[in-house]
Amino acid sequence: KNSSGTGILNIISGSFTGNSATNGGAIYSQGEMTISGGTFDSNTASASGGAIQNSGKLVITGGTFTNNTADYGGVIGNKTGATLEISGGSFKSNTATNIGGVIQNDGTSVTITGGTFDSNSATNNAGVLNNANSKGIVTISNASFTNNKATYGGALYNIGTLTINSGTFTGNSVTKQGGAMRHTGGTLTINGGTFESNSSTGAGA
């Protein structure tokens, strides 16, 4: 646990496997944390953040995140007031039993400028990222979202502010609406990106 508001935690390598908690299966951070390497596999949280619960500032530039599970945010629970920046890393086969297969954003901002998000899933909303806060600001550039699944929003679900500048959304699917994403409120701006072979049995591929 990184519990100090001024604490700094840097993870360069190592393995975090099979850990469990109510929130933040492997790590609960309230300070600043940077992850540039390491493996996070098969961690679980009964509530939020299968691998990491972030209540401060989290920067991810690398690392491998696989088979992590939580009710909200299979890998990361980004809590109120928190910020998250992702510029690299591999996120594969993570699961939310409710919403946000990789990220549940209740925080201030999420910026994604790289990384691969493949074969993640959520039982309800957002196979990858659920922007659940009406004040949440999400910006996406140069990332890959492939083969993610949910009931609504195969990759993304948004009720806040979402801007997509670039990136690839391929083969994402839902059983109801929004093969690549579902936008239900707030502001959506798409400046670029590739959307290909996403599917929905309802509306909006």
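The side chains of aspartate 118 and lysine 92 meet in a salt bridge, with N and O 3.8 Å apart; the term denotes a side-chain nitrogen of Lys or Arg within 4 Å of a carboxyl oxygen of Asp or Glu. Aspartate 118 belongs to strand S18 (residues 116-118) and lysine 92 to strand S14 (residues 90-92), so the pair ties together parts that are 26 residues apart in sequence. Strands (E, at least two residues) are DSSP runs, numbered from the N terminus. Lysine 92 is partly exposed, at a relative accessible area of 40%; buried means under 20%, exposed over 50%, and partly exposed in between (1.4 Å probe, protein chains only).

The model is predicted: local features need pLDDT of at least 70 and side-chain atom pairs count only at pLDDT 80 or more, while totals for chains, interfaces and linings use all residues. Residues are numbered from 1 along each chain as its sequence is written, and side-chain values use heavy atoms, with hydrogens and water left out.

In the whole structure, 2 salt bridges are found. Aspartate 106 forms one with lysine 79, the closest N and O atoms being 3.3 Å apart. Because aspartate 106 lies in the loop between strand S16 (103-105) and strand S17 (109-112), and lysine 79 in the loop between strand S12 (76-78) and strand S13 (83-86), this pair ties together parts that are 27 residues apart in sequence. Lysine 79 is partly exposed, at 24% relative accessibility.

Strands S14 and S18 are among the 8 strands of an open sheet with parallel pairing, in the order S2-S6-S10-S14-S18-S22-S26-S30. Its edge strands, S2 (15-17) and S30 (194-196), each pair on one side only. Two strands pair if DSSP finds at least two bridges between them. Strand S2 runs parallel to strand S6 (residues 39-41), to which 3 bridges join it; threonine 17 has aspartate 41 in S6 as its bridge partner.

Strand S5 (residues 32-35) is joined to strand S1 (residues 8-11) by 4 parallel bridges, and isoleucine 8 has glutamate 32 in S5 as its partner. In S5, Met33 and Ile35 form the covered face, and Glu32 and Thr34 the uncovered one.

Isoleucine 190, in strand S29 (residues 187-190), is partly exposed, with a relative accessible area of 44%.
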